[in-house]
Amino acid sequence: MIRLSKRDILIRWYLFIVGVIMMCLASYFLAFNKTFELYTRYNEVNEQKTNASNSQQINVNQNEVTLVNKIIDRYSVDTLVIKEKLLDEFSRLCSKFSCKITSIGETEQFDEYGLSVINNEIELEGSYFQLLKIMNEIENHNLVGKINSSEIYVVNDFVNKVNKLRMKLFIQNIEKNENL
């Protein structure tokens with residue numbers, strides 16, 4: 001058994017206390033600082049809201065809320081229509097080329113410079129040549145948009161002891177944004 005001197009014990013306690021202080025500072029800057037900033041911002045907004053007796057400022061806020069609601073409504077309708085079209089077209093192609101759809105990712109939509117950019121992700125499973133035929137059909141006939149990127153990979157199915165070939169397609173549509 002090793003005997004520690006008083007000096008070693010004091011050094012270890014000192015390092016322990018410094019470590020605890022460093023952890024407290026790190027947790028403050030990583031987590032609590034943002035919470036305090038959000039809390040003060042929340043209080044400022046509430047104070048501005050209570051002090052807003054000017055009807056013009058209220059009208060501007062109502063216009064902003066209306067614009068945001070229009071954007072949200074357009075996104076929800078557009079993404080459903082696009083996802084339905086995507087599913088219909090890929091179902092037709094998969095039955096034609098004997099492949100199957102394994103997953104459809106979330107539709108992402110954002111607006112830039114008056115254009116609405118819509119990104120979709122779909123994953124197919126089948127033979128290499130059939131997957132390439134589907135990709136060629138989509139790219140040449142612009143059925144559901146342009147292929148932005150594709151990824152072909154193998155998935156090990158341990159239950160059936162089979163390797164399955166999958167292709168993930170990233171499809172992008174760009175539309176002129178008339179609503180904004």
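The protein chain folds into three helices and five strands. The model is predicted. From the N terminus on, the order is α-α-β-β-β-α-β-β.

**Exercise 1. The chain as a whole**

*Solution.* 
- Step 1. Apply the cut-off: buried means under 20% relative accessible area.

**Exercise 2. Helix H3**

*Solution.* 
- Step 1. Check the geometry. H3 has 14 residues and spans 20 Å from its first C-alpha to its last, close to the 20 Å expected at 1.5 Å a residue.
- Step 2. List the buried residues of H3: Gln130, Leu131, Ile134, Met135, Glu137 and Ile138.
- Step 3. Look at the face turned away from the buried side. Phe129 and Asn140 are exposed there.

**Exercise 3. Gly145**

Locate Gly145 and list its contacts beyond four places in sequence.

*Solution.* 
- Step 1. Gly145 lies in the loop between helix H3 (128–141) and strand S4 (146–157).
- Step 2. Its relative accessible area is 4%, so Gly145 is buried.
- Step 3. Leave aside neighbours within four places in sequence. Gly145 is then in contact with Ile138, Ile171, Gln172 and Asn173.
- Step 4. Compare sequence and space for Asn120. Gly145 and Asn120 are 25 residues apart in sequence, with C-alpha atoms 9.2 Å apart.

**Exercise 4. Salt bridges**

*Solution.* 
- Step 1. Count. The rule gives six salt bridges.
- Step 2. Take Glu89 and Arg92. Their closest N and O atoms are 2.4 Å apart. Both residues lie in helix H2 (residues 55–97), three residues apart, about one turn. Glu89 is buried at 17%, whereas Arg92 is partly exposed at 37%.
- Step 3. Take Arg166 and Glu125, at 2.9 Å, N to O. This pair links distant parts of the chain: Arg166 is in strand S5 and Glu125 in strand S3, 41 residues apart. Glu125 counts as buried at 10% relative accessibility.
- Step 4. Take Lys146 and Glu139, at 3.9 Å, N to O. Lys146 is partly exposed at 40%, and Glu139 is partly exposed at 30%.
- Step 5. Look for shared partners. Salt bridges join Lys100, Glu125 and Arg166 into one network.

Terms used
Residues numbered from 1 in each chain as written. Predicted model: local features only at pLDDT ≥ 70, side-chain atom pairs only at ≥ 80, totals over all residues. Heavy atoms only, no water. Helix = DSSP H or I, 4+ residues; strand = E, 2+ residues; numbered from the N terminus. Buried < 20%, exposed > 50% of the residue type's maximum accessible area, 1.4 Å probe, protein only. Contact = heavy atoms within 4.5 Å. Expected span 1.5 Å × (residues − 1). Salt bridge = Lys/Arg side-chain N within 4 Å of Asp/Glu carboxyl O.
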